[in-house]
2 protein chains.
Amino acid sequence: MTRRTPPSPEALAAGDRAALARAITLVESRHPDDRAAARVLLDGAMSRTGGAVRVGITGVPGVGKSTLIDALGAHLIGRGHRVAVLAVDPSSSRTGGAILGDKTRMARLAVADEAFVRPSPSSGTLGGVAARTREAMLLCEAAGFDVVLVETVGVGQSETAVADLTDTFLVLALPGAGDELQGIKKGVIELADIIAVNKADGPSGERAAMAAADYRTALQILVPPGASWTPPVLLVSGLAETGLGELWAGVERHRARMEETGEFTARRRRQDLGWMWALVDERLRSRLRSEPRLRERLPQIEAAVAASRLSPTAGADEIAALLGM
Amino acid sequence: MTRRTPPSPEALAAGDRAALARAITLVESRHPDDRAAARVLLDGAMSRTGGAVRVGITGVPGVGKSTLIDALGAHLIGRGHRVAVLAVDPSSSRTGGAILGDKTRMARLAVADEAFVRPSPSSGTLGGVAARTREAMLLCEAAGFDVVLVETVGVGQSETAVADLTDTFLVLALPGAGDELQGIKKGVIELADIIAVNKADGPSGERAAMAAADYRTALQILVPPGASWTPPVLLVSGLAETGLGELWAGVERHRARMEETGEFTARRRRQDLGWMWALVDERLRSRLRSEPRLRERLPQIEAAVAASRLSPTAGADEIAALLGM
């Protein structure tokens, strides 16, 4: 753990991408001094955050996320937006960055002045990765990026984490019907604000339309009556760059609807408070890991509970006692 | 808060229902001395727990949960089982017990020696209610009940809480198609191990079959390929007492399949460890509520974060500091 040099708040506010990169590196650092500096930087930036359209994007490997994000980002830049692309990949600490590790996967955004592409932090736990990504998102907003796209490859509960970070959650689906649809993980369709079937061009165009029809059937059954929003099912192609305007119109329509119903503000408040408590719990966990006495005892407690030798209640009591609570 | 007299472990082990009722009242008490006595009782009972088939049951109001549970329970008693019925209703602290408050809703189980029916604890938070219900479930198992049915009316996240308590999660659905299906809350179908369309008798029989067909379509799309279990969609009638044998066969088939794949043991371990950590967090929260200095400051912190005047990170830092972490 080495200390980082904090960027100047002015450079960050001016949208200097090098300063933004340094700021994100700072919030990703676990060095106590860096954490303190990161806090100062974040608190100073808070007043300039919250202005971006925050979109979460997921889809199974092979669905063409990077190509779609590159095309969508370029489309938005063409319309005058500044686009930041972040990622939540809890596996990256093991694999060394499964997604966005290779910026060339987003050829245009990697070189555009109006874009900022950042790989997933690799800080281990999903909670940690999500917390760092959330801080990175705020820094991007403070640096004047008005669109933040948060990609996830969908390891573990990462879709839920990204849905909790963003205003609109986009699920990318593959063309095809029946079995081919089912690669999507349990619960993910429930999170979707928009479903876009990618590769809806050329030979697979027809199968994309079939897939869309199947998703519409599923949504008919899954969306409660009187719901303020029914996820549209769109056809897009990142490769052929079709449907991008309609896709973004869907994002803007969702946001407008959420603002009408007050759900937009409510969702962001919920996210902020939930995030605060997640950080408190994260702090609790890290303290458990860091105190030698606890770190030594914890595996024994967990093993005893897992083997039903100890009741979870008794285990919780012992942990609380070790924490001096 | 008055102190309770703990039942004798022997009476509990012997399956004495009065002793079981007293034991559950003890674990539901918030009196510190009672909590301590409850812990002793639970730890003593642990070795006799885990043997029951644990089934969670949900469905929208009007689906006929009580009638179905009464009929299913009587059916199982007829087959030599001892059946405990518990409930998770986070609203009961406000309404004074929305479900199972009135035992006459389960006329036969209320009077059967082989049955034990207990209303939802009304301890406020969902986490608290779920924790008490889990302890009650263990006590029922220690008292020799080999089937535990946990009912929820589906307030807030209570279905998820009940799914986390049980081995098999049963969703009761109403006859009818289209709109009528959609009363089921977002995400609940995702939790289902078995879907049973109730009232599949008499005039609504045909509409029940239509509903079942719609659920099968939804499951085709929602269940990942190569999943070890695809939820069966069954037709039952609590009133006419039809389909009860098939329903229980489905529960046993699900359990057998989970045991084959090892998911059964994995799920119970996950539940126990998850429960332990939930209790640690609950302890943290209750300490926050109980310490005057914190109780006074917390609303201000939450308001500042909700209004984006304070970053969640800074809020978490202050809470951690107040907790001396």
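Buried means under 20% relative accessible area, exposed means over 50%, and partly exposed lies in between (1.4 Å probe, protein chains only). These legends describe a predicted model, in which local features need pLDDT of at least 70, side-chain atom pairs count only at pLDDT 80 or more, and totals for chains, interfaces and linings use all residues. Residues are numbered from 1 along each chain as its sequence is written, chains are lettered from A and ligands numbered from 1 in the order in which they are written, and side-chain values use heavy atoms, with hydrogens and water left out.

**View 1. Asp34(A) in helix α3 of chain A.** Asp34(A) has a relative accessible area of 0%, so Asp34(A) is buried. The helix spans residues 32-45. Helices (H or I, at least four residues) and strands (E, at least two) are DSSP runs, numbered from the N terminus. Ile195(A) is 161 residues from Asp34(A) in sequence, and the two C-alpha atoms are 39 Å apart in space.

**View 2. The interface of chain B and chain A.** Here 56 residues of chain B are in contact (heavy atoms within 4.5 Å) with 58 residues of chain A. The size of an interface is often given as the accessible area lost when the parts come together. The area buried between chain B and chain A is about 5,300 Å², and carbon and sulfur atoms give 66% of that area. Buried area is the accessible area (1.4 Å probe) that two parts lose on being put together, summed over both.

View 3. The rule finds 2 salt bridges across the interface. A salt bridge is a side-chain nitrogen of Lys or Arg within 4 Å of a carboxyl oxygen of Asp or Glu. Asp317(A) and Arg39(B) form a salt bridge through their side chains, at 2.5 Å from N to O. Several helices of chain B each supply at least two residues of the side that touches chain A, among them α3 (32-45), α10 (205-222) and α14 (312-322). The largest share of that side, 14 residues, comes from α12(B).

**View 4. Thr313(A) against chain B.** Thr313(A) sits in helix α14 (residues 312-322) of chain A. Thr313(A) counts as buried because its relative accessibility is 4%. Leaving aside neighbours within four places in sequence, Thr313(A) is in contact with Arg35(B), Leu42(B), Glu135(B), Trp275(B) and Leu279(B).

**View 5. Thr168(B) in strand β5 of chain B.** The strand covers residues 168-173. Thr168(B) is buried, at 2% relative accessibility. The side chains of Thr168(B) and His254(B) make a polar contact of 2.8 Å. Not counting residues up to four places away in sequence, Thr168(B) also touches other residues, including Arg54(B), Asp193(B) and Val251(B). Ile57(B) lies 111 residues from Thr168(B) in sequence and 8.7 Å away in space, C-alpha to C-alpha.

**View 6. Arg54(A) in strand β1 of chain A.** Arg54(A) belongs to the strand of residues 53-58. With a relative accessible area of 4%, Arg54(A) is buried. A polar contact of 2.7 Å links the side chains of Arg54(A) and Glu141(A).

Methods:
Polar contact = N/O pair within 3.5 Å; in protein donor to acceptor, adjacent residues only side chain to side chain.
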